[in-house]
Amino acid sequence: MAVSFFGRHKRDANTAFKRMGARPLGNVLTIAVLAFALTLPTCLYLLAKNVLLVSDALPRSSQLTVYLTHVPSDSQRDVMLTEWRSWSKVDSVTYISPDEGIEEFYQFQGFAEAIPLLDNNPLPGVMVVEPVSEALDDVVMLAQRLSAEEGVDDVRMDSDWIERFVGIKAVLIKLALVFSVLMLLVVFLVIGNTLRLQVLDEKSRIQVMKLVGATDADILRPYLYTGIGYAGFAAAIAWSMAAGITLLVDQSVIELADLYGATFRLSGMGIEETGLLFGAAILLGLMAGQLSAQRHLREIEPV
């Protein structure tokens with residue numbers, strides 16, 4: 001009686017999983033190695049994803065803070081405000097006096113107790129300048145012009161730390177990509193080598209199967225399902241470990257964000273990302289089985 005296409009695949013899949021069950025310890029260790037290899041790139045991906053989310057939530061401020069060399073008199077302050085507000089590249093200018101500045105410091109934790117210990121107010125007069133354009137080149141040119149003004153000690157761009165954060169984000173993304181490729185290569189090699197050893201260990205049985213007329217494709221299919229099984233179980237464990245790590249770290253991230261007056265919690269794996277993890281792992285298992293087991297099956301000849 002002829003066996004249908006789906007019937008053959010169902011039979012070969014059952015054969016593969018029965019073989020995996022017949023060697024529980026060795027297969028569990030193999031799947032554990034694969035799971036750890038998949039967990040690292042998964043966690044790095046989640047790290048890069050959450051860094052991107054934080055980056056997107058950052059305010060795109062191009063505000064310039066101008067520190068004056070001395071506290072200007074009322075007339076000097078009015079002259080500076082009038083002149084700077086007349087510039088075409090300036091949208092608004094606000095003066096913050098030393099007294100107003102130190103009042104803001106009282107709002108920060110720990111400063112309220114330390115400020116009364118000062119003999120006098122050390123803060124300079126500050127001008128907060130909002131540029132018309134948020135383009136980096138325009139803001140830099142405006143900062144250079146302000147720096148050249150008489151009575152200006154220093155000019156700081158409020159977006160400096162954002163630019164540094166963007167640089168750190170780029171480094172993290174590249175690291176995630178590099179380690180992901182390396183770990184996926186490890187998964188491919190481990191599955192390929194495991195199936196190669198299984199083929200060599202079952203050489204006598206394969207010779208008998210070829211002797212009675214079994215084709216290489218018939219013999220190969222259970223090994224392909226074994227590779228898929230390894231990758232599928234490893235992906236499931238890696239997903240669970242990544243989810244557990246996310247839950248474990250989430251509360252600490254919430255508390256850290258709260259210290260900075262922000263609300264943020266870690267984002268885990270979505271449905272599409274979970275599908276990508278399982279799809280990539282199963283594809284690697286299939287490719288490793290195809291390349292490794294098939295090559296060695298061809299070298300085995302019936303006795």
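I began with surface patches, which are made of residues with over 30% relative accessible area and no salt bridge, like charges being joined within 9 Å and nonpolar side chains (Val, Leu, Ile, Met, Phe, Trp, Tyr) within 5 Å. A salt bridge is a side-chain nitrogen of Lys or Arg within 4 Å of a carboxyl oxygen of Asp or Glu. Accessible areas come from the Shrake-Rupley method with a 1.4 Å probe, and for residues only the protein chains shown count as cover.

I noted that this is a predicted model, in which local features need pLDDT of at least 70 and side-chain atom pairs count only at pLDDT 80 or more, while totals for chains, interfaces and linings use all residues. Residues are numbered from 1 along each chain as its sequence is written, and side-chain values use heavy atoms, with hydrogens and water left out.

**Entry: the nonpolar patch**

I found a nonpolar surface patch formed by L40, V171, L175, V178, F179 and L182, with about 490 Å² of accessible area together. Helix α7 (residues 160–201) gives the most to this patch, namely five residues; helices (H or I, at least four residues) and strands (E, at least two) are DSSP runs, numbered from the N terminus. I looked up L182, which is found in helix α7. L182 is partly exposed at a relative accessible area of 43%, where buried means under 20%, exposed over 50% and partly exposed in between (1.4 Å probe, protein chains only).

**Entry: aromatic rings**

I took rings of Phe, Tyr and Trp (its six-membered ring) as paired if their centres lie within 6.5 Å, with planes under 30 degrees apart counted as stacked, over 60 as edge-to-face and the rest as tilted. By this rule I count two aromatic pairs. The pair of F17 and F233 is edge-to-face, because the ring centres are 6.4 Å apart and the planes stand at 75°. F17 lies in helix α1 (residues 5–22) and F233 in helix α9 (residues 216–259), so this pair ties together parts 216 residues apart in sequence. F17 is partly exposed at 40% relative accessible area, and F233 is partly exposed at 45%.

I then noted the tilted pair of W84 and W87, with 6.1 Å centre to centre and 40° between the planes. Both W84 and W87 are buried. The charged end of R145 sits over the ring of W87, 3.8 Å from its centre; this requires NZ of Lys or CZ of Arg within 6 Å of the ring centre and within 35 degrees of the ring normal.
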